[in-house]
Amino acid sequence: MTPSINRVAVIGSGTMGSALAAHFANVGISVDLLDIVPNRLTPEEEKKGLTLDHPAVRNRIVSAGLEAVKKAKPAALFTPQTVERITVGNLEDHFDRVREADWILEAIVENLEIKRALMTRLDAIRKPTSIVSTNTSGIPIAAIAASCSDSFKQHFLGTHFFNPPRYLRLLEVVPTPQTSREILTFVTRFCETTLGKGVVLCKDRPNFIANRIGTYAGLVRWRYAYENDYKVNEVDDLTGPLVGVPKTATFRLLDLVGIDIPLHVVENTYPAIPDDETREEWRVPEFMREIVKRGWLGNKAGQGFYKQVKTEQGREYHVLDLKTLEYKPQEPIHYDSLLNAEMYESLPERLRFLATQNDRAGQFLRATTLRTLAYAANRIPEIADDVVAVDNAIRWGFANELGPFETWDALGVAETVAQMERAGLKVAAWVKEMLATGHPTFYKNGKYYDLQVEDYRSIQTSPQCIVLKDRKVIQSNDSASLIDLGDGVACLEFHTKMNALDEGIVELARQAIEEVNQNFAGLVIGNQGEHFSAGANVMAIGLLANDGEWQKIDTMVRELQKFTMALRYNSKPVVTAPFGYVLGGGCEVAMAGQRIVAHAESYVGLVEMGMGLIPAGGGCKEMLRRVVSPVMQTVGLDVMPPLQRVFEAIALAQVATSAEEARQKGFFGTADRVVMHRDHQIAEAKRTVLEMAAQDYRPPARGKIIYAAGERALAAFRVAVYTMVQGGYISAYDAQVAEKLAFVLCGGNLTTSGWVSEQYILDLEREAFLSLCGEEKTRERIWHFLNTGKPLRN
């Protein structure tokens with residue numbers, strides 16, 4: 001019988017356990033979060049006269065874990081209401097709840113005997129079909145369930161999530177020899193599709209894949225920095241976005257996760273890897289041991305490698321001198337190689353350039369990268385059987401752009417091997433054999449080098465994954481492409497910087513709609529870049545406004561409105577696939593489709609107010625249609641609550657921090673779908689198009705479908721805006737822009753409420769947008785935003 005997961009029990013409410021409970025709740029699953037009972041009262045509990053038997057005391061530990069989830073930044077929950085799916089309890093009073101769980105996930109202290117004792121209790125109470133997994137990162141999986149029944153062992157495996165599980169894609173799944181193949185297959189599929197994870201099957205070796213290689217890379221960097229007098233911020237400048245790594249880079253990452261955590265990983269790994277050729281490098285550097293001894297554990301302790309201090313200029317971050325362990329002001333780092341590297345937009349090209357530089361930047365990157373790549377190759381087949389598993393684990397676990405073997409390909413395999421040998425590093429025999437047999441790279445034409453068959457093999461992909469770059473291009477320009485997805489569905493893909501909307505996108509969209517209506521069943525609008533669309537091309541608007549090119553701005557807005565309305569009323573179904581940043585004009589395009597298939601991690605908002613503008617591509621009109629008009633279909637209801645909701649969403653430039661929150665705010669509708677796995681999104685959008693076409697899709701009828709509240713509502717907004725100015729909450733110019741927005745949302749100069757056409761509101765949007773472009777303060781805001789990425793309050 002195929003398992004199903006309707007209820008989960010998470011045991012352990014620490015940072016990881018509570019975050020896992022939140023993520024299961026995010027996907028609609030009921031969760032029991034359980035933890036131990038305290039054995040002593042806190043001073044606060046003693047003052048209240050509580051005893052150890054009081055329910056609040058007995059659930060104190062687990063309740064604290066849940067409270068931490070509610071306050072987590074970035075948010076662990078899709079919406080504040082999601083927490084209602086989590087029920088807390090303790091392992092003495094509420095252990096019976098485990099009987100109902102379809103999946104029991106252990107995330108308790110890293111102690112083998114304590115874990116074994118828990119597994120024995122679970123074995124006695126779990127239902128026969130329940131899956132049991134451990135989130136351990138350092139204890140052998142098989143050892144944890146060694147004394148359990150055969151049935152337990154068949155349903156038991158390791159599931160090593162990376163923290164925070166909502167945001168980090170990697171899940172290392174570690175079966176034991178006794179794990180049922182059916183359970184392994186089910187867990188893999190469930191975690192990919194329902195939880196949105198990138199699953200990597202791992203061997204039961206110390207630290208599995210990502211932490212084994214990632215921690216070693218950290219050790220190499222920490223030690224090289226110390227021995228060669230590199231500054232903390234210097235290392236972070238060299239090992240961040242410049243080389244395809246998040247801004248946390250090296251030392252910021254340690255401060256974020258807690259410096260004691262990797263220290264424990266290193267100490268636990270050393271005795272577990274007697275045959276590792278680099279074993280003696282797996283010793284904690286003395287300067288790090290001293291930092292932990294002093295309690296400087298990073299963000300959670302208020303200081304680590306960085307410390308925020310007050311100065312005459314305000315607050316700033318000082319950095320730790322690794323030799324003296326004193327905090328000092330950061331000194332700017334300037335290397336010509338770094339400036340020149342920024343000319344290369346392609347990461348492989350940038351890495352190749354940096355590897356040839358002989359300044360301190362080049363020396364650091366070359367020395368640390370060579371050691372890490374050599375180490376990764378020598379871990380195959382110990383920790384994984386192929387390069388794909390290793391690369392996926394590093395990319396998904398640490399949000400890196402490239403894995404070790406992808407990086408090696410970028411640098412040139414043969415050249416890098418020669419450098420390793422000159423440096424006295426051990427090069428894996430299979431890499432030399434690969435080169436000797438005429439295989440110059442680890443990847444080639446969508447295939448990878450498999451050392452077991454000594455040849456290239458196709459990379460296995462899920463049928464739910466559609467890779468746009470592998471599909472036929474029908475039409476294309478510098479800004480967008482129309483791609484054939486097969487089965488009569490096309491995809492309009494944006495590929496400008498941040499996928500900002502420009503004339504090229506609008507022009508190709510017009511051609512795409514004609515092509516689709518003649519030759520296809522429907523259209524998907526989506527891409528596989530970093531973001532769906534960060535909005536309109538603000539720089540182009542700013543330049544035109546500076547030059548007083550009002551007619552060109554008017555034309556630009558009209559064309560954007562025509563684009564969104566053409567999508568909305570197209571005769572063939574149009575499905576948009578938003579993800580990442582879905583802002584301003586990008587939000588307007590997403591809402592223009594007849595259906596939305598959004599990725600769960602969609603950050604959605606109409607943010608034009610931050611630049612002194614209002615939405616003009618149909619954003620105001622769509623929010624009225626989606627939020628206000630449905631309410632006002634019922635005679636006698638008050639228009640102000642839904643209208644105020646729309647006004648606040650736009651005036652405050654609110655950004656939903658998940659697709660579910662976007663649904664709550666009205667950007668997405670109840671019929672729109674949310675997918676968890678980013679790689680499945682285009683395929684799901686395509687499937688939605690085909691479903692709509694099979695149901696004989698017809699576009700919506702045109703007419704007066706927007707409810708306009710009229711002058712009484714406008715007067716109420718003007719009073720509210722005036723009060724905000726008088727209270728010092730907004731500037732006079734904020735008020736001017738807000739009144740323009742209220743004017744549009746209330747239907748302009750209507751003396752009474754009533755129903756108007758979409759074009760009526762679109763015209764008001766465009767006129768307000770143009771008038772605001774003519775204001776000097778708006779132009780100041782536009783250029784301030786372009787220069788700083790932050791809104792200006794003038």
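Contact here means heavy atoms within 4.5 Å. By this criterion, and leaving aside residues up to four places away in sequence, S337 touches F353, L354, Q357, D359 and A361. The model is predicted, so local features need pLDDT of at least 70 and side-chain atom pairs count only at pLDDT 80 or more, while totals for chains, interfaces and linings use all residues. Residues are numbered from 1 along each chain as its sequence is written, and side-chain values use heavy atoms, with hydrogens and water left out.

S337 sits in helix α14 (residues 336-341); helices (H or I, at least four residues) and strands (E, at least two) are DSSP runs, numbered from the N terminus. With 2% relative accessibility, S337 is buried, where buried means under 20% relative accessible area, exposed over 50%, and partly exposed in between (1.4 Å probe, protein chains only). The side chains of S337 and D359 are joined by a polar contact of 2.6 Å. Such a contact is a pair of N or O atoms within 3.5 Å; within protein, one must be able to donate a hydrogen and the other to accept it, and residues adjacent in sequence count only if both atoms are side-chain atoms.

Turning to the cysteines, the structure holds zero disulfides, a disulfide being a pair of cysteine sulfur atoms within 2.5 Å. For C587, the closest cysteine sulfur is that of C620, 11 Å away and too far for a bond. C587 is buried at 1% relative accessibility, and C148 is buried as well, with a relative accessible area of 7%.

Most residues other than glycine have a negative phi, and most peptide bonds are trans. The peptide bond from K73 to P74 is cis, with omega near 0°, and P74 belongs to the loop between α4 (60-71) and β3 (86-90). Another cis peptide bond runs from I380 to P381, with omega near 10°; P381 is in the loop between α16 (360-378) and α17 (387-398).

D229 has a phi near 60° and lies in the loop between α9 (210-227) and α10 (232-238), where D229 is partly exposed with a relative accessible area of 48%. D696, with a positive phi of about 60°, is placed in the loop between α28 (681-694) and β24 (706-708). At 48% relative accessibility, D696 is likewise partly exposed.
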